[in-house]
Every structure is written in structure tokens, then in C-alpha cells.
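Please keep the sequence and the structure open beside the numbered points.

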Amino acid sequence: MSFNPASFINRSVSAIPPSGIRKFFDIAAEMKDAISLGVGEPDFVTPWHIRNEGIYSLEKGKTHYTSNAGLKELRLAVASYLKRRFNLNYDGLSQVLITVGGSEAIDLFLRTVLNPGDEVLIPEPSFVCYKPITALAGGVPVTIKTKAENKFKLTPQELKKAITPKTKVLVLPYPSNPTGGIMEKADLEALVPVIKEANLMVISDEIYGELTYGKKHISIASLEGMAERTVLVSGFSKAYAMTGWRLGYACGHPDIIKAMTKVHQYAIMSAPTTAQYAAVSALEKGDNDIEYMCSEYNKRRNLIVSRFNAMGLECFEPEGAFYAFPSIKATGLSSEEFVEKLLYSKKVAVVPGNAFGESGEGFIRCSYAYSVENISRALDRIEEFLNDNKLLK
Amino acid sequence: MKNQKLYNDIINSLHKNCKLSLEELAAMHGISVAAAAEIIDNLEKDGTILGYGAIINWDKVNSTNRVTAYIELKVTPQRNQGFDRIAERIYQYPEVTALNLMSGSYDFGVTVEGDNLKDISLFVSQHLATMDAVISTATHFVLKRYKNDGNILTVQKEDDREVMSL
């Protein structure tokens, strides 16, 4: 019998559509002189003291596995860091699990708690991984469309409307990729009674928690009675420009963390050892690095937002992460049309908002994790694009 | 009352990149173009900003073979005028590109540039060593520059981030 590889691929995997983000970048990558505002990772290199600690650990021959849950020293450092920066109380030994990036933590959590048919609420527009991971774990993703006029915050009314008897988990992805929206304390407090009444668990993806501008990030886990029903996911990629080290963590109730550790130990064994040693230095000596990078991002944020508004693409003020999410509705084009025309005529790559869910239609995501020169040049070209095509009256 | 933090932020932005337009600078710091212009004007007037120049990696400039030396100078400070009077006599020379009063085993650190080793040797022996107040000199030639004023000169910066679905 002839071999048909497609017939071997699991139905859930086959059903996952390719990411809408990649499509245009593969085209842009082949283009000469293309400028991108597409990349979702810091342009900074990991601060030297952190890299040096990784090198030092290699010199000392620290090349073995760590314990499954992660280096004890690092778990304790995560707990004390979360206390210091976000007033969260976790026991480093029983409530912290070190993972391969925040992404692994999201996958572990959903695989740990979901039974077939359980529903997971996912506010959109949001990071592209929640839906496929939910589906792969046997769950049913249920999206909630957040609105630009609410600064893409999740409201208790929207949450309540989406809850069914099958709802088990709420994903809370703030500060938000792609919108830059944040949830303030009052916004979170409004959700708490709804979450408790429906007896949900929350997975709070706070990977951009250190990158807020003006307002300090608040974790839902810091609210009364929420620590136990929240699994906080974060990592080192965005705060310390450590994307390539692949290191993150999950914090939560000891029973949940223990169960997640079980899945982690069979799939991954343990997170990379070199990265874990480097991360200790990040947590203990990296506060200044965060301040520095944050203030640089802030200047670029001010620049990109003011220019979008000036050229007539309405852009609400993103208060976190490193993305601007201007509306292109006034041009009459769909997100994909806009992005494609812009790429072919002006060689600027941005991401269509609908790649992050239907409610992102009419927007584009522009990362400002780029040099000011790069941002200004890209914005000049976008402005030319609007003028050449008379897209705005 | 001037906003010192804003002034410092603008100084830092310009120090990193003086090609920023007034519009960019204003937007980046959340102020009006007029306010940004006024701040820069003030900084120029009070001598905080002395000029605007490109950061050059001179090793890449083929036609020049400039030689740089760092000279440790021990001097006898003069009555009533301390070191300042001597400094004045040293920094007037165009060959001197930097001059600092130091703590430790010598007094002045003098950076001198010339077209070749001989130029610099002559400058030291004829102009610096002969000054009354100078007790001794020690000349160190720069062999290779790695980092200058915060800029690493030996590696090219390029965006090597790869395509990622996030």
C-alpha cells in the first residue's frame, strides 16, 4: 500500500490554519530594501551581565539537567522578584515551574486542566497561540471580541455573555499583543465576581507585564481570592530581551503546578540549564535594564502613535507591550488588502489585525521594537502610500 | 521651573542620535515642536550642547592614518591657580583632543592626535615636556579602538531577527 503522510496527521493538527503573521513576512524577507514593523521581539540584545552569567555557568561546567521544575535558585528568585515588582506571594519551591518560554507554560496549563469539550474563553484580538493550543488539548476555544472603544479591555458584560456550563478557563492576555491594551486594577476587579461565580480558572499571560508606560502592571493574581484560581504565565523574553534563551515560568496553586510539572517532565524534562543560570542574574540585577529598555520603547511609542494620528490613521494610546494598533478603517480597505498593497507598493511589512482574530479586522499591528530611524522611514512610506492612493479624504 | 528630567531625556536622545528632527524629538518626548525647539535653544545657549557631529569610525577612513596617543602628565600645580592655568596652556594646542585632570599616580590625562608617531613624539618632547610645570610624561599609543564614547567599533550592527509567528 502506498504511503500517504497526510493520512497520518492528527485531525486537530490538520485543522489548524497557518499563522496569518508569517505570510507577509516571507514575502518581505525576499524583497530588497523592505522595511519591517513586524517582528514581535525586542531589538535589544540581552544585557551583558546576563549573557556573561550564562557563559560563566558553561565555564563552570553547569551542563546537566536541572530538576524538572527548574533550578531551585531560579525558582526562589522568581518568587522574590514577583513579590518585589508586583506584590505577589508565591512559594518558590511549590508554586513556581520553570518552562521553555511562556508558550510552554500556556500549553502545559491547558493540557493539564482541559477535558474534551471544556470551553476556554479567549479575548480577541490576541496572541495567536491560545486557540490552536486549546484545540490540541481537546478543549473548545470560545473567542470574545473586545472593542477598540473600550481600549480592547475585557468587560464583565462581555465575559458574562460568553460563559456557558462548559466554560472552564479564561485566558487573560494583558498587556496585549497586538493591541497594546492593558487591564487596570478596577478593570480586573470588575471581572472577579463573574469569574468566581462561574468557578473558572484564569491563565494570566503577563509576558509583557514589565513593559507598561505610565501605569504599573497589576496582576489579577494579586486580587483577593484570585491567586489560587490563577496561573500566572510570564518569562524573560520581553522584559530582559531574552527571546532566544527560551525561558519562562508558571506560578499558581501548588496542586496545579505539581500536575503541570508532571506533563512538563515527560515532554521537556527541564528547561535549558544555561538559560536558567543567566536568568537568575536577570532577576537579581536586571531592574535597571528593564527601566532603560522601557524608557527607550516609550519614546518610540510616542513617536509612532503621534505620527499615525497625524496622518489620519486613528491610533488609541497603547499602554503596554511594544505594538501600536492603528485603525485603517478610514481607508476603506480590509486589513489584508491594506497590508498587501503597502508591502508591494512601498515595501513596508506590517501585520494585518485580523491575524489576531476577527475583531482585529480594520486594524494593523506595527511593532515599535525597532530603531527610531527604521520607524520614521516606515512611517514616511506609509504616509506616501496613503497620499499616492488618496486613501484618506 | 525647568523640567530637569525632560532636559536630561532630550540630551540623552540627542547624544545618541543628533540627526533626529525636531518633529521626531518632540513626538518622542510627548511635547510640542515649539517646546522642543526652546529646550534645544536653551541647551545650546548655556553651552550644554557644544555642537553636532557624526560618530566616525576613523579606522574605516582609508585616506587617514591618524595616530592617537594617551599621555600621562605629572605636573607641579601653580600657586593660586592650581591646575587650571596649566590645563589652559595644554588644551590650546589643536593636537590635544581631550584633557582631563585625574586622581591617582599622575595629574593630567592628555589625548593627542597626529598624522604619525613622529608627529606625536615631537609634540610631546617639544611642547609638553618643556613646560615649566611638567615633571614627567608617559606616552601610550593607541593600537586599536574597540569602543569609543559608548559605541562599539568592531562589530557591525544589523537586524538579524528571523521571521516568527507571534
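1. Among contacts in chain B between residues at least 6 apart in sequence, 50% join residues at least 24 apart. Two residues are in contact here if their C-beta atoms, placed from the backbone, lie within 7 Å. The model is predicted: local features need pLDDT of at least 70, side-chain atom pairs count only at pLDDT 80 or more, and totals for chains, interfaces and linings use all residues. Residues are numbered from 1 along each chain as its sequence is written, while chains are lettered from A and ligands numbered from 1 in the order in which they are written.

2. The elements of chain B are five helices and six strands. Read from the N terminus, their order is α-α-α-β-α-β-β-α-β-β-β. Helices (H or I, at least four residues) and strands (E, at least two) are DSSP runs, numbered from the N terminus.

3. Buried residues account for 14% of the 166 residues in chain B. A residue is buried if 20 or more other C-beta atoms lie within 10 Å of its own, exposed if 12 or fewer, and partly exposed in between, with C-beta atoms placed from the backbone.

4. Chain B is divided into domain 1 (4-45) and domain 2 (58-145); such bounds come from an automatic or database domain assignment. The C-alpha centres of these two domains of chain B are 34 Å apart.

5. Strand E2 (residues 96-101) of chain B has six residues, of which the number buried is zero, so the strand lies largely in the open. Five bridges join E2(B) to strand E3 (residues 108-114) of chain B, and the two run antiparallel; strands pair if DSSP finds at least two bridges between them. B:Leu101 has B:Phe108 in E3(B) as its bridge partner. Six residues lie between E2(B) and E3(B) in the hairpin, and B:Gly104 in the turn has a positive phi of about 105 degrees.

6. Chain A is also described by domains: domain 1 comprises 9-45 + 289-387, and domain 2 comprises 48-285. Taken over C-alpha atoms, the centres of domain 1 and domain 2 of chain A are separated by 25 Å. In chain A, 35 residues of domain 1 are in contact with 34 residues of domain 2. On the side of domain 1 of chain A that touches domain 2 of chain A, H13 and E9 of chain A each supply at least two residues. H13(A) gives the most to that side, with seven residues. Ala, Val, Leu, Ile, Met, Phe, Trp, Tyr, Cys and Pro count as nonpolar, Asp, Glu, Lys and Arg as charged, and the others, Gly among them, as polar.

7. Which residues of chain A touch chain B? The contact takes 19 residues from chain A and 14 residues from chain B. Helix H3 (22-30), helix H13 (287-311) and helix H15 (372-388) of chain A each supply at least two residues of the side of chain A that touches chain B. The largest share of this side, five residues, comes from H13(A). Its classes are eight nonpolar, five polar and six charged residues.

8. Chain A contains an open sheet of seven strands in the order E2-E8-E7-E6-E5-E3-E4, with mixed pairing. Its edge strands are strand E2 (96-99) and strand E4 (140-145) of chain A, each pairing on one side only. Strand E7 (residues 230-235) and strand E8 (residues 248-251) of chain A pair in the antiparallel sense over four bridges, and A:Ser234 has A:Tyr249 in E8(A) as its bridge partner.

9. An open sheet of three strands in chain A has the order E9-E12-E11, with antiparallel pairing. Strand E9 (323-324) and strand E11 (351-352) of chain A are the edge strands. Two bridges join E9(A) to strand E12 (residues 364-367) of chain A, and A:Tyr323 stands opposite A:Ser367 in E12(A).
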